[in-house]
Amino acid sequence: MTVSLSLSGITAHYGTTKVLEDLDLHVGEGELVSLLGSSGCGKTTTLRLVAGFLEPTTGSIKLGDRDLTRLPAHARNIGLVFQTYALFPHLTVRDNVAFGLKQRGIGGAERRKRADTMIDRVGLGDFADRYPANLSGGQRQRVALARALVIEPPLLMFDEPLSNLDAKLRVDMRVEIRRLQQANGTTAVYVTHDQEEAFSISDRVAIMNAGRIMQLDTPEVLYSRPANAFVADFVGFENMIPLRAVAEAGDAVRAEMPGGGVLTLPKEHFTVPSKEFILATRPEGLLVAPAGDGIPTTLGLRTYLGRAYQYQCDTPGGEIKANGPLAQPFESGTNAVLIPQPEQCCLLPA
Amino acid sequence: MTPRLRAWALSAPALFLVALFLGLPVLSTLATTFGDPKGPFAQYAAFFDSRFRMTVLWRTMEVAVITTTISVIVGFMTAWVVAKSPARIKSLLIIAAVFPLLTGVVVRSFAWLIILGKNGILNDTLLWLGLISEPLSMLYTQFSVTIAMVYLFVPLMILTLVGVLEAIPQDLTEAAASLGATPAAAFRQVVLPMAVPGLIVGSVLVFTGSFTSYATPQLLGGERQMMMGTFLYQRAMVTFDWVGASTIAAVMVVVTLTTVLVMSKLARRLNPVAG
Amino acid sequence: MKTHPLLIAFAVLTFAFLIGPLIIIIGTSLSNTSYLTFPPEGLSLKWYENIFEISAFRRTMVTSFMLAVGGTALSMLIGIPAAYAMARYRYELPAFLGNIYVLPILIPEIVLGFSLMKSVAVGMDFPIMAALLVGHALLVLPYCVRVVGASLNAFDFSIEEAAVSLGCPRWKAFFTVVLPNVRAGIIAGFILAFITSLNDVSISIFLTGPGVSTLPIQLLAHMEQFFDPTIASVSVLLMFVTVGVMAIVERTLGLTFLTK
């Protein structure tokens, strides 16, 4: 059974503070959508609304054709994996996993069989009789996953499920989560503040800020084509160079920086969105060259990154970062130009 | 000075105080009971043979068990409400529970003398309501002792259980709900089992406290409702039967220590977090 | 999850049960009748004046106060080093030491009082005041060790080591670095110990003697002979002490400390 999740026009408050504003979100059948943002952006609130631990002030939540908006949490049938795992400390692994089945009135033998099958699937067959206190972090995470999956929910939700694990385990577990989610074809919502984690496992990612979704798209698009300055900054476009279009020169636009310096942007590669705009790039989106049509600069401090050198560059538009090739190191104090690489730069409205 | 030596040197005065003024005197009290010329256990045989002494022991047990039971029920329900209250109301309620707890036992028992007396408020009220035609004698009964004991120990139970309930993470009840547990099922299957160790700890405090109390049975039970504490005092300071008093003391020590040890072992067994 | 209205009603009744009797005491203390009655039939403060006219109350108040301060101070003096040793040298000392310091709570107080009377007051021939002081110091030792110990366990001893590494002698580091940082625990422990000592009956009843008594014991004795509102007015005075104690606990550790 695969269904889609729809949130429309959701506004939510904590007391008098508005935490979500007119939020729309559609998660397609079998799709995994991550809600990504820093703390306080509303991602966890969104999840708690869908789970039924909070009530929206306005708007509706639908799972398939079921309206969840006013349904109590225990009647929603959503599998939830908590940041703290929230395993019942007084129950064994098996009883933890069987808890949801018990609530559904499934009898002893059948319950045990289904729980054990699921425990095997997450690789904890030998630990079924242990208590959570005697498991490692990764094992607890697997129990939490098994417990959410065994009730075969039409929707799975994860609240920062990996933030309490060490780096290596995090990578292993997210692969595992993705595998299980795809194998069951379950629709899923995944809340995290970790960009790499969100991008690696999601079909689509919603980047949130201050109770709104800033951009919702595939990781590929978000990574290379952020739609606004917030998302650009979030995904690592460290340089935001303000520009003003001054003239058209055939198949190029000439733009100047506030502090002087003119840049020619070929129309073939760049679409200027407005008169005042921002050139957003990562450091590798600017090529450091001795001369050419680019931003004039004096190279400052050089640091070694392994794959490239990075320079702190003094430009008329302020200090920016650019990467230069390993084969051609420049000395500090050299005058050079920074040439924007079209496929790694974005022009955003100011 | 090595760290170990320094550690022992710092601990020495406190250990000395406990050893000299608690260890020796209490052991000497216990030792006295075995010194009977008729044999080491003659005092105990006499104690358990005496109908009067057994009546006192059973009465004390009964009062302690009833007090504990009522305190657990009242304390748990109240603590639940306190724990679920919004922060401001919660701190007010905690103040309301702490205040009687820190007020002396004599003062708190005295209040019930005023309430339950022949011309007390309760009799006045019942007469005024026409429920009785002449004042009831409520003082110096097991009832008066028990109600004052409940009054004494309910605040302790509330405070203990508020701590216990607040220590149960909200995540767990939410997890239960997400797995389909109704609020009642979540309470029965998650909250209650997790609160059991705390309930046991609270019960032990109340049981041993009421079993060994002196001032309350003295004021509200008097001679008629002699309990272990008042009995011990009477033997020691009125009849000057120190051996007999020591035997009562020994029985009290055995009952309370057994309760504490057995129940804390049980609490630890039932406490999943300790593994 | 919403709380059921019936449950809330029950809790309201419980708190009425807890506070009501204390209000009744306040009411009776203000009565101008010579017997205890509530609601008071006429208002008067004469029973408060009466406290100070009865010399036994005046004397025992002073005794109780001095005993509570002295016993707690003595207990702190030996309890703080013990708590420090347990926290600082956790691996040098056996774990059961912590249980030894709480024995005064574990052993029924009345048994302790009786035993102290037999062995210390009579056996060692201690003067009444000395026996009372020792008994009360012992009674409050668990509070001193546990409450101060809780603060010390939360203390980061690398701060003390930093002081020593900067040239501060160990004993000086204890007084200038450790103690100021566990001040809240010491104040709260002191105040809880103080109130416990002030309210004590079961130990004092065996150790008081001719000429020397404590306020609670004097109250008990007074109640057996007279049943007048003086007892209520003394009780109200004691409640004021409780209010003061709660204010100090709230300031230092916060009252939620008491639910842990």
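Q: Which residues does A:Gln341 touch, not counting residues up to four places away in sequence?
A: This is a predicted model. With those sequence neighbours set aside, A:Gln341 touches A:Gly285 and A:Leu287. A:Gln341 itself sits in a loop of chain A, between strand S19 (335–340) and strand S20 (345–349).

Q: What separation is found between A:Gln341 and A:Val97?
A: These two residues are 244 residues apart along the chain, and their C-alpha atoms are separated by 52 Å.

Q: Which domains does the assignment give for chain A?
A: The domain assignment gives domain 1 (5–231) and domain 2 (237–349) of chain A. Their C-alpha centres lie 41 Å apart. The contact between them takes four residues from domain 1 of chain A and five residues from domain 2 of chain A. On the side of domain 1 of chain A that touches domain 2 of chain A, the classes are two nonpolar, one polar and one charged.

Q: How should I read a sheet, and in what order do the strands of the six-stranded open sheet of chain A stand?
A: Strands of a sheet pair through backbone hydrogen bonds, either parallel or antiparallel. In chain A, the order of this open sheet is S6-S7-S8-S3-S9-S10, and the pairing is mixed. Strand S6 (78–81) and strand S10 (212–217) of chain A stand at the edges; each has a single partner strand, so one side of each has no neighbour in the sheet. From one strand to the next, the twist averages 20°.

Q: How many bridges join S7 and S8 of chain A, and do they run parallel or antiparallel?
A: Strand S7 (residues 155–159) and strand S8 (residues 187–192) of chain A run parallel and are joined by five bridges. Within this part of the sheet, A:Met157 stands opposite A:Val189 in S8(A). Helix H4 (residues 137–149) of chain A packs on the sheet and touches S6 and S7 of chain A. The direction of H4 of chain A makes about 175° with that of S6(A).

Q: Which strands pair with S12(A), and in what sense?
A: Strand S11 (residues 239–249) of chain A pairs with S12(A) in the antiparallel sense over five bridges. S12(A) also pairs with strand S13 (residues 262–266) of chain A, again antiparallel and over five bridges.

Q: How many residues lie between the strands of each hairpin?
A: S11(A) and S12(A) form a hairpin with two residues between them, and A:Gly250 in the turn has a positive phi of about 65°. The hairpin of S12(A) and S13(A) has five residues between the strands, and there A:Gly260 takes a positive phi near 100°.

Q: How many residues of chain A and chain B are in contact?
A: An interface may be read from each side in turn. Here 22 residues of chain A are in contact with 18 residues of chain B. S6 and helix H2 (93–103) of chain A each give two or more residues to the side of chain A that touches chain B. The largest share of that side, three residues, comes from H2(A). By class, the residues of that side divide into 13 nonpolar, seven polar and two charged.

Key: Residues are numbered from 1 along each chain as its sequence is written. Chains are lettered from A and ligands numbered from 1 in the order in which they are written. This is a predicted model: local features need pLDDT of at least 70, side-chain atom pairs count only at pLDDT 80 or more; totals for chains, interfaces and linings use all residues. Helices (H or I, at least four residues) and strands (E, at least two) are DSSP runs, numbered from the N terminus. Two residues are in contact if their C-beta atoms, placed from the backbone, lie within 7 Å. Two strands pair if DSSP finds at least two bridges between them. Axes are lines fitted to C-alpha atoms, for helices over the stretch in contact, and angles run from 0 to 180 degrees between N-to-C directions. Domain bounds come from an automatic or database domain assignment. Ala, Val, Leu, Ile, Met, Phe, Trp, Tyr, Cys and Pro count as nonpolar, Asp, Glu, Lys and Arg as charged, and the others, Gly among them, as polar.
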